[in-house]
Amino acid sequence: MSTSRTILQILVPLAILGGGAYLANEIASKAKKPSTAAPPDTRPRVRLAPVSQSEVRFVVTSQGNVEPLRTAELSAEVAGRIVATTPQLRAGGTFAAGDELLQLDRSDFELAIVQQEAAVARAELRLAQEKAEAEAAERAWRELEGDKPADPLVRRAPQIRDAEAELAAARALLQKRKLDLQRTRVVAPFAGRVQSVVADLGQTVQPGQRLATLFDTSAVEVRLPLPLDDAAFVELPLTGELAANGGPEVVLRADFGDRTHTWRGRIVRVGGEVDRRTRQLLAIARVEPTETAPTAERPPLLVGMFVQAEITGRTVADTLVVPRSALQGDDTVWVAGFANDDPKGQRILRRRRVEVLRTEQDRVLLRRGVVVSDLVCVSALDNATDGMPIRVVDAQGHEQDR
C-alpha cells in the first residue's frame, strides 16, 4: 500500500503539470499575434489664406450727435412788457430769418420820441438864434472897427459851437429813441427752430434778459472724435476751414424706426487742439440743407440724433492685405513653406515679421513683410515655432495634403 501511494503521489502532480503545459501550449498556439501601432500624427491642422495686393481706399469710422450750425439766446434789447407773440414762439416752432417773434409795448417809446423831437426843435431854434446874434454882432463890429478882425467872442463862435453840439446830441438821442422803438419788435436773426422759451405774453422784461433759445437749421454739423492713428489716414484740414465741397466725404447712418437711413456730408474743419484726456482730434462734418431735408424714403436729419459715420480717407496703392486672424501678436504672421524648399516635401511654418499699416475689423493692411505668392496661416496656434510641421485643411476641415 505504501508503494502504490508513493507512486500515486508522484504521478498525480506530473499529470497535472503535463495537462497544464498542454493547455498552455494550445492557448498560445491559438492567440493572435500583437500588432504594432503607428505613432499618432501630432502635426497641428491649420487653414491657409492667400495674400492679396491692391489699391486701398481707407475708411475711418466714428460716431457723434447731430448739432445745429449755430445756437443763439434771443434776448430783449429794451425794457418793456410783452404784448404780443407769434405762434412760432413755442418749443419746436419754425421761423424764417427776419420773422417777428414777439412785440413789446411801444407806448413809452413813442412818447419818448415826441419829447425828443421837441428837444431837437429847441436845439435848432437856439442855434438859429445864436447865428442871428453873431451876424448882428459882426455888423456892429464892422461899423465901429472897420476891417479889423473881430474877436471870436464878438462873433459868438463858442456859443454857436455849443448850440451845434447841443443840436447834434438832441438829434442823436432822437435816433436812439427811434431805434428803441424798433427794438420793441424782436425778430429772428436767422432761419431755424425754437429750442426753448422762457418769457411769454404779459411778462415785463429787462434789457439783456433771455427770452428764448433758437438754433439754426440751415445746415447741421456732427463732431466726430478720431484717434490720431486714424486721423493720419484722412485728408483733414488741419490749418483751417475747407470749402463746402472741399473736405473728405462722410456717410452718416442712423436707425429710424425699423430701418437704417443714410445722409451724406463733408468734413469742413477740425477742432483747435487734441483732447488731452482721450488723445483724439475732433473732425467736424457738415450736412447741407438739401441733404438734411426729408424725402419720401428718408426722414429729416434732426438735431440731437446719434449717428454712425464713415469718413472716406486716403488711397494707397500696392497695399498688402491679409485676413485679421493671420496677425499673431503685433507684427508677426506665419507663412506656409516647404522643408528644405522642396515643393514635394513636408509643409512647415515660417515666421515673418511684417510692418502693419492699419488693422481693421476683418483684415490687416501691410506695408511689407509678405508677398502675393505667400499663404498665411489663419488658424489659432499655441506655442508655434519656426519650422514646425503642419497639416493643411480647408474650411470644412478636410486635409489637403499629407
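Q: What should I know about the model before I start?
A: This is a predicted model, so local features need pLDDT of at least 70, and side-chain atom pairs count only at pLDDT 80 or more, while totals for chains, interfaces and linings use all residues. Residues are numbered from 1 along each chain as its sequence is written, and side-chain values use heavy atoms, with hydrogens and water left out.

Q: How are helices and strands assigned, and how is the angle between two helix axes defined?
A: Helices (H or I, at least four residues) and strands (E, at least two) are DSSP runs, numbered from the N terminus. Axes are lines fitted to C-alpha atoms, for helices over the stretch in contact; angles run from 0 to 180 degrees between N-to-C directions. Take helix α2 (residues 107–145) and helix α3 (residues 157–182): their axes come within 8 Å and cross at roughly 165°.

Q: Are α2 and α3 roughly parallel or roughly antiparallel?
A: Check the cut-offs. Angles under 35 degrees count as roughly parallel, over 145 as roughly antiparallel, 65 to 115 as roughly perpendicular and the rest as oblique. α2 and α3 are therefore roughly antiparallel. By class, their contact has 15 nonpolar, two polar and 13 charged residues. Here Ala, Val, Leu, Ile, Met, Phe, Trp, Tyr, Cys and Pro count as nonpolar, Asp, Glu, Lys and Arg as charged, and the others, Gly among them, as polar.

Q: Are E166 and R126 buried or exposed, or in between?
A: Buried means under 20% relative accessible area, exposed over 50%, partly exposed in between (1.4 Å probe, protein chains only). E166 is partly exposed at 38%. R126 is also partly exposed, at 23%.

Q: Which residues form a salt-bridge network?
A: E77, K176, D180 and R183 are linked in one. Within the pair D180 and R183, the closest N and O atoms are 3.6 Å apart. D180 is buried, at 7% relative accessibility. R183 is partly exposed, at 27%.

Q: Where do R368 and E355 lie?
A: R368 is in strand β20 (residues 363–368) and E355 in strand β19 (residues 355–359), 13 residues apart. They form a salt bridge with the closest N and O atoms 2.0 Å apart. E355 is partly exposed, with a relative accessible area of 30%.

Q: How do I read a sheet?
A: Strands of a sheet pair through backbone hydrogen bonds, either parallel or antiparallel. Two strands pair if DSSP finds at least two bridges between them. G192 stands opposite D216 in β11.

Q: What is the strand order in the open sheet that contains β8?
A: The order is β8-β7-β5-β10, again with antiparallel pairing. The edge strands are β8 (185–187) and β10 (204–205), and each pairs on one side only. β7 (residues 100–104) meets β8 over three bridges. L102 has V186 in β8 as its bridge partner.

Q: Which strands form a hairpin with two residues between them?
A: β13 and β14 do, and G257 in the turn has a positive phi of about 70°. β13 (residues 249–256) and β14 (residues 259–270) pair in the antiparallel sense over eight bridges. E249 stands opposite R266 in β14. β13 also runs antiparallel to β16, joined by four bridges. There, V251 has E310 as its bridge partner.

Q: Where does Q328 lie?
A: Q328 sits in the loop between β16 (306–323) and β17 (332–338). Q328 is partly exposed, at 22%. Its C-alpha atom is separated by 9.2 Å from that of V378, 50 residues apart along the chain.

Methods: Salt bridge = Lys/Arg side-chain N within 4 Å of Asp/Glu carboxyl O.
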